[in-house]
Amino acid sequence: MESSPRGRRPATSREDVARAALALFSRQGFEATTVDEIASEVGISRRTFFRYYQSKSDAVWGAFDAELARLDRLLSEAPDEEGLMQVLRRAVVETNRFNEEQLVDLRLRMSLIRSVPTLVAHSAVRYEEWCDVVARFAARRLGGRPTDLAPQTLARAALGAAMAAFEEWTRRDDGDLTEVVDQALALLATGFDEDRLKGQPLGGDGARIGDKYLQGGEPP
C-alpha cells in the first residue's frame, strides 16, 4: 500500500500542489525538482500528484484548464448583438482577473515558462488549446469551420496580443494586468489602421490607447 511521507492534509487541492511546485521550482530550479519532492511538500503520494497533474510542466500552468473552460463559457454565452471583438476583449480580460496572491504566482509562472526550455516547448501545447477555444467562437460568429483562415487568424492574433500584454505586465512592478490585456485587445480591434492610431498613446508606462476603443466597443 502506497503511503505519503507526511500524510495527506484533508484540504489539499490542485492549487496547493501548484503553489508548492512553484515554490520548489523557484528555490532549486525546474529540472532539479522531482515529482516526489513536490508530493512530499504538500503531504501527498506520488500517485496522488498525478491525479492532480499529468506532469511537472502541467503543475506550472496551475488552473489553466479551468481558465480555458471559463473563457469558452464566456464566449459561448455572449449575446449575438455584442460585437465579436468586444466579446473577445471582455472574455479575455475576465479570465485574467486574479487576486494579489495569484498574481505573485502568475509572475513566477510566466518567468518559468519563458526561461525553461522544457516549459517553452510545453507552452506551445497550452497556447494551441487557447487558440482552439477562440477559433471555435470565431467560427460560430463568422460561419465556417474553426480551422478556416479567418477564425485561425483571429485566434492567433488574439493570442499574440495577450502574450504581448503579459510581457508588458511582467516588466512593471505595479501594472494592472487586466488593464494591459484590455489595451492590447483594444489595439487589435483597431485593425492597426495607421491613420486612426497616429497620435494615440499606444500603451506602455500605464498609457491608455484611447477610451473610444476601450469603452465604446468596436472601432468605427
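**Close-up views of a predicted model**

**View 1. Ala161 and its partners.** Ala161 touches Ala184, Leu185 and Leu188, leaving out residues up to four places away in sequence. Here contact means heavy atoms within 4.5 Å. This is a predicted model: local features need pLDDT of at least 70, side-chain atom pairs count only at pLDDT 80 or more, and totals for chains, interfaces and linings use all residues. Residues are numbered from 1 along each chain as its sequence is written, and side-chain values use heavy atoms, with hydrogens and water left out. Ala161 sits in helix H9. Helices (H or I, at least four residues) and strands (E, at least two) are DSSP runs, numbered from the N terminus. With a relative accessible area of 10%, Ala161 is buried. Buried means under 20% relative accessible area, exposed over 50%, and partly exposed in between (1.4 Å probe, protein chains only). Ala161 and Leu188 are 27 residues apart in sequence, yet their C-alpha atoms are 7.0 Å apart in space.

**View 2. Helix H9 against helix H10.** Two packed helices are described by the angle between their axes and the distance between the axes. Helix H9 covers residues 149-171 and helix H10 covers residues 177-189. Their axes come within 8 Å and cross at roughly 140 degrees. Axes are lines fitted to C-alpha atoms, for helices over the stretch in contact, and angles run from 0 to 180 degrees between N-to-C directions. The crossing of H9 and H10 is right-handed. A crossing is left-handed if the near helix is turned anticlockwise from the far one by less than a right angle, and right-handed if clockwise. From H9, the contact residues include Ala157, Ala161, Phe166 and Trp169. From H10, they include Leu177, Val181, Ala184 and Leu188. By class, this contact has 13 nonpolar, no polar and one charged residues. Ala, Val, Leu, Ile, Met, Phe, Trp, Tyr, Cys and Pro count as nonpolar, Asp, Glu, Lys and Arg as charged, and the others, Gly among them, as polar.

**View 3. The salt bridge of Asp182 and Arg89.** Side chains of opposite charge can pair when their charged atoms come close. A salt bridge is a side-chain nitrogen of Lys or Arg within 4 Å of a carboxyl oxygen of Asp or Glu. For Asp182 and Arg89, the closest N and O atoms are 3.3 Å apart. Asp182 lies in helix H10 and Arg89 in helix H6, so the pair ties together parts that are 93 residues apart in sequence. Both Asp182 and Arg89 are buried.

**View 4. Glu94 and two arginines.** Glu94 meets Arg70 in a salt bridge (3.8 Å, N to O). Glu94 is in helix H6 (residues 84-94) and Arg70 in helix H5 (residues 64-77), 24 residues apart. Glu94 also forms a salt bridge with Arg97, at 2.9 Å between the closest N and O atoms. Glu94 is partly exposed, at 23% relative accessibility. Arg70 is partly exposed too, at 30%. Arg97 is partly exposed at 46%.

**View 5. His122 in helix H8.** Helix H8 (residues 117-142) holds His122. His122 is buried, with a relative accessible area of 17%. Beyond its neighbours within four places in sequence, His122 is in contact with Ser57, Asp58 and Trp61.

**View 6. Confidence along the chain.** pLDDT is the predictor's confidence in each residue, from 0 to 100. The protein chain has a mean pLDDT of 86. Over residues 1-10, pLDDT stays under 50.
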